[in-house]
Amino acid sequence: MLALAQRNYTQASQLLTQSLNAYAAQGLVFAIVRVRRNLGYLALAQGDAATAEYWFRASMQQADLHGLADIALHAIAGLALLHAQRGNVSEAARMLGAVEHLQSFYELRNDPHDNQVREQVRTLIALYPTWSSDYALGSTIPLAQVLAKYT
């Protein structure tokens with residue numbers, strides 16, 4: 001992730017792809033799901049919304065299949081950022097509300113990168129007067145329903 005933070009996207013892509021292949025060969029589902037999410041963030045940083053959406057959804061789907069709620073929530077936060085960047089404030093706010101409620105409900109730990117993503121979403125949606133009601137609505141949605149909608 002250092003290469004991504006340094007905006008060395010070519011190196012980040014190579015390292016993430018190598019990691020994905022190595023983890024897949026070993027059957028390390030937890031690692032595969034995390035790398036897929038990180039590939040989503042890489043695509044988002046490169047301005048490739050379609051690829052970012054693909055990787056976030058792939059991460060969520062596999063996380064759901066293997067009971068990895070924490071990684072699923074991280075991928076949902078990434079997808080919320082994508083929606084916020086696209087100007088889809090209602091959807092981004094609902095997703096953010098769901099992620100934050102579900103993290104608390106399942107008593108999952110906070111990931112520092114995930115917190116940064118959530119702050120970016122908040123910054124992008126805070127200018128819109130309806131965001132708080134959409135956020136509140138999102139906080140009532142169960143994880144299974146969120147996953148069913150976005151995977």
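Colleague: Which residues touch the most other members of the largest nonpolar core?

Modeller: Nonpolar side chains tend to be buried together in soluble globular proteins. In this predicted model, Ile76, Val121 and Ile125 touch the most other members of the largest nonpolar core, which has 48 residues. Such a core is a set of buried Ala, Val, Leu, Ile, Met, Phe, Trp, Tyr and Cys residues joined through side-chain atoms within 4.5 Å; buried means under 20% relative accessible area with a 1.4 Å probe, protein chains only.

Colleague: Which helix gives the most to this core?

Modeller: H5, with 12 residues. Helices here are DSSP runs (H or I, at least four residues), numbered from the N terminus. H5 spans 69–85, and H7 (112–125) is among the others that supply at least two residues each.

Colleague: What does Val121 touch, leaving out residues up to four places away in sequence?

Modeller: Ala77, Ala80, Leu81, Ala84, Ala92 and Leu96, where contact means heavy atoms within 4.5 Å.

Colleague: And how many helices does the protein chain have?

Modeller: Nine, with zero strands (a strand being an E run of at least two). The radius of gyration is 15 Å, close to the 15 Å from the globule rule for 151 residues, so the chain is as compact as a globular protein of that length. That radius is taken over C-alpha atoms, and the rule is 2.2 Å times the number of residues to the power 0.38.

Notes. Residues numbered from 1 in each chain as written. Predicted model: local features only at pLDDT ≥ 70, side-chain atom pairs only at ≥ 80, totals over all residues. Heavy atoms only, no water. Buried < 20%, exposed > 50% of the residue type's maximum accessible area, 1.4 Å probe, protein only.
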